[in-house]
Amino acid sequence: MAHVDEISSDERDKQALQHIEDVTIHASQIQRQILTQILSTNADVEYLQQHGLHGSTELSTFKNLIPLISYEQLRPYIDRIANGDDSPILCTNPITEFFISSGTSGGEPKLIPMYEEEFMRRLSFFDYVMPRMKQLFPNSLVGKGKGMHFQFAKVELKTRSGIVAHTATTSLCKRANLNNTSPKDIILCTDTNQSLYCQLLCGLCQNDIVFRVGALFASTLIHVLKFLEDHWVVLASDIRAGTLNTKITDPSVREAVMNILNPNAQLADFIEAECSKGTWEGIITRLWPNAKYINAIVTGSMAQYLPKLNYYSNHLPIVSDHYGGSECFLGLNLDPLCSPDRTSYTLIPTMAYFEFLPIDRTKSSRELSRELVDLVDVKLGHEYELVITTYAGLYRYCMGDILRVTGFKNKAPNFSFVCRKNVVLSLDIEKTDEAELHDAVQEAARLLSPFGAAIADYTSHADSSKIPGHYVLYWEIHVKGGISIPSSIYEDCCFAIEELLNGPYRYLRSHEKCINPLEIKIVKVGTFEKLMAQALNRGASMSQYKTPRCVNSTHIIELLDSNVVTKYFSKECPKVDTNALHRLLSK
């Protein structure tokens with residue numbers, strides 16, 4: 001067999017695609033093998049011993065003895081590891097690092113245990129991402145040029161025992177071959193503004209070889225492009241002179257930039273001409289003419305940013321190529337050029353042992369059953385919460401992601417991301433989740449379109465400070481040409497949202513009168529940028545930051561309320577049908 005270095009790039013791509021074919025055909029057998037490997041490797045760990053597994057690798061024994069858990073049940077074990085207990089608590093291999101979860105969509109950040117061998121195994125997941133894109137864009141720079149992918153590191157922390165704690169993004173940036181326009185020293189700079197400025201500068205200097213433009217989340221990429229709007233003059237000046245702005249003070253960053261930056265008056269003229277045209281429509285394809293697609297997550301509430309991305313990119317394909325989290329890398333998008341609202345991911349059976357908790361979001365309890373379903377037994381069109389068992393010590397761990405089965409790749413299911421399980425508005429027995437709220441807001445936003453207005457960003461809060469309580473939505477509106485929007489339109493938006501919320505909400509609002517009218521608060525332009533800045537100052541990573549769609553923290557609500565310009569309430573009560581009432585009474 002040829003040495004790996006002697007295998008051509010095309011041959012490696014074929015092997016990667018064939019591997020996906022093989023593991024999805026044999027998904028059931030591979031899943032059993034993965035669970036057996038995890039349990040046999042970790043047979044003597046304290047957690048499994050406490051639950052009476054005693055070395056068994058039998059599936060039925062595992063399911064009977066090991067409970068479903070959330071992070072809170074796992075926290076005491078992780079705290080012991082972080083504080084220096086090096087006995088085999090969760091896994092046999094010594095923990096070498098912790099991944100810090102984002103903590104912006106579902107609560108406080110979490111520490112996810114990791115060890116070196118498992119990290120390298122997860123890293124192999126990315127071997128399967130690019131071959132599919134190269135298939136779809138033959139005879140182009142895809143896979144041959146460079147990606148301009150914006151990533152941001154945070155200061156690494158150390159636990160009491162000296163174990164490094166950082167984001168998964170930071171860990172990947174340190175050790176993966178990124179093939180990016182920006183060197184690692186720039187990406188690993190923990191000063192977000194210096195890093196962002198220099199990543200843009202390097203991307204502009206190499207604008208002719210960029211084949212994709214992206215960030216982890218669509219919201220991050222929107223922030224990058226707004227930064228470009230504000231700083232293109234100084235960026236072009238640096239390129240013209242071949243010098244770096246004195247505000248960039250990090251020595252390693254300056255050195256990395258100067259290895260790329262050369263005086264280029266022609267490129268500076270080009271940037272200035274494009275950026276001074278008075279419109280930013282299509283700015284991505286204008287400045288990076290060989291870019292073939294946008295790479296960012298646009299599923300779930302990130303769909304809010306699709307119109308703005310389309311505007312900036314001249315409707316380039318928007319690709320969300322993989323699905324994963326700090327806990328595990330999970331699935332690949334094998335149809336990456338599909339419409340963003342049809343994005344699905346094939347769960348790769350080798351990444352973890354997967355189980356699925358049936359969910360019905362119309363029920364107040366959400367769960368249909370505590371009987372979990374295996375990977376190959378899920379049903380088309382049904383929704384589930386994802387439950388994982390990993391090599392690094394998560395056993396039947398509830399991810400909190402609600403997924404919908406959209407199809408199958410051989411024996412492995414394809415899933416679309418629906419929402420986070422615990423991101424809900426609730427004042428009584430009603431529960432309004434992230435997906436339901438998003439759909440209602442998107443529909444109400446149609447009422448603003450005739451006025452050239454759009455919702456730039458939004459969040460919500462269940463305000464129970466008075467009785468009855470009510471839902472509050474904070475909207476940041478961008479209006480073209482300064483057109484005035486009548487108050488009645490915003491009041492209609494309030495009512496339109498209420499009309500689209502669940503039956504229990506409408507019943508409690510209209511019949512029981514125990515929920516007051518929904519309120520929309522319009523905030524100043526730039527408020528959500530302030531919200532992100534506040535999160536970054538409190539330790540969040542820009543790479544992982546997502547606007548929270550439901551907020552309860554006092555400091556966030558105070559910031560939002562301090563930026564309110566006007567407020568509107570629903571003037572009518574939403575309709576309630578008999579079926580909704582029956583569903584309410586049956587829960």
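**View 1. Helix 19 packs on helix 20 at an angle of about 155°, with the axes 10 Å apart.** Helix 19 covers residues 527-537 and helix 20 covers residues 554-561. The model is predicted: local features need pLDDT of at least 70, side-chain atom pairs count only at pLDDT 80 or more, and totals for chains, interfaces and linings use all residues. Residues are numbered from 1 along each chain as its sequence is written, and side-chain values use heavy atoms, with hydrogens and water left out. Helices (H or I, at least four residues) and strands (E, at least two) are DSSP runs, numbered from the N terminus. Axes are lines fitted to C-alpha atoms, for helices over the stretch in contact, and angles run from 0 to 180 degrees between N-to-C directions. Helix 19 and helix 20 are therefore roughly antiparallel to each other. Angles over 145 degrees count as roughly antiparallel, under 35 as roughly parallel, 65 to 115 as roughly perpendicular and the rest as oblique. The crossing of the two helices is right-handed. That term applies if the near helix is turned clockwise from the far one by less than a right angle; anticlockwise is left-handed. From helix 19, Thr527, Phe528, Lys530, Leu531 and Gln534 meet His555, Ile556, Leu559 and Leu560 of helix 20. Contact means heavy atoms within 4.5 Å. By class, this contact has five nonpolar, three polar and one charged residues. Ala, Val, Leu, Ile, Met, Phe, Trp, Tyr, Cys and Pro count as nonpolar, Asp, Glu, Lys and Arg as charged, and the others, Gly among them, as polar.

**View 2. Helix 11 and helix 13 cross at roughly 165°, their axes coming within 8 Å.** That makes helix 11 roughly antiparallel to helix 13. Helix 11 (residues 218-241) passes helix 13 (residues 265-275) in a left-handed crossing. Helix 11 contributes Trp232, Ala236, Ile239 and Arg240. They meet Ala265, Leu267, Ala268, Asp269, Ile271, Glu272 and Cys275 in helix 13. The contact of helix 11 with helix 13 has eight nonpolar, no polar and three charged residues.

**View 3. Asn264 sits in the loop between helix 12 (251-258) and helix 13.** Leaving aside its neighbours within four places in sequence, Asn264 is in contact with Ile239 and Arg240. Both of these residues also belong to the helix 11 side of the contact with helix 13. The C-alpha atoms of Asn264 and Asp238 are separated by 9.2 Å, and the two residues lie 26 residues apart along the chain. Asn264 counts as partly exposed, at 31% relative accessibility. Buried means under 20% relative accessible area, exposed over 50%, and partly exposed in between (1.4 Å probe, protein chains only).

**View 4. Helix 16 crosses helix 17 at roughly 140°, with the axes coming within 9 Å.** That makes helix 16 oblique to helix 17. Helix 16 spans residues 434-445 and helix 17 spans residues 487-500. The crossing is right-handed. Glu436, Ala440, Val441, Glu443 and Ala444 in helix 16 meet Cys493, Ala496, Ile497 and Leu500 in helix 17. By class, the contact has seven nonpolar, no polar and two charged residues.

**View 5. Aromatic pairs number 15 in the structure.** Phe125 and Phe126 form an edge-to-face pair, 5.5 Å centre to centre with 90° between the planes. Rings of Phe, Tyr and Trp (its six-membered ring) pair if their centres lie within 6.5 Å; planes under 30 degrees apart count as stacked, over 60 as edge-to-face and the rest as tilted. Phe125 is buried, with a relative accessible area of 1%. Phe126 is partly exposed, at 27%. The rings of Tyr323 and Tyr345 have centres 5.5 Å apart and planes at 35°, so this pair is tilted. The pair links distant parts of the chain, 22 residues apart: Tyr323 in strand 9 (residues 322-324) and Tyr345 in strand 11 (residues 345-347). Tyr323 counts as buried at 8% relative accessibility, and Tyr345 counts as buried at 2%. Tyr47, Tyr77 and Tyr395 form one aromatic cluster.

**View 6. The peptide bond from Ile467 to Pro468 is cis.** Its omega is near -5°. Pro468 is found in the loop between strand 19 (453-463) and strand 20 (470-479).

**View 7. His54 has a positive phi, near 50°, in a residue other than glycine.** His54 lies in the loop between helix 3 (46-50) and helix 4 (59-65). This histidine is exposed, with a relative accessible area of 60%.
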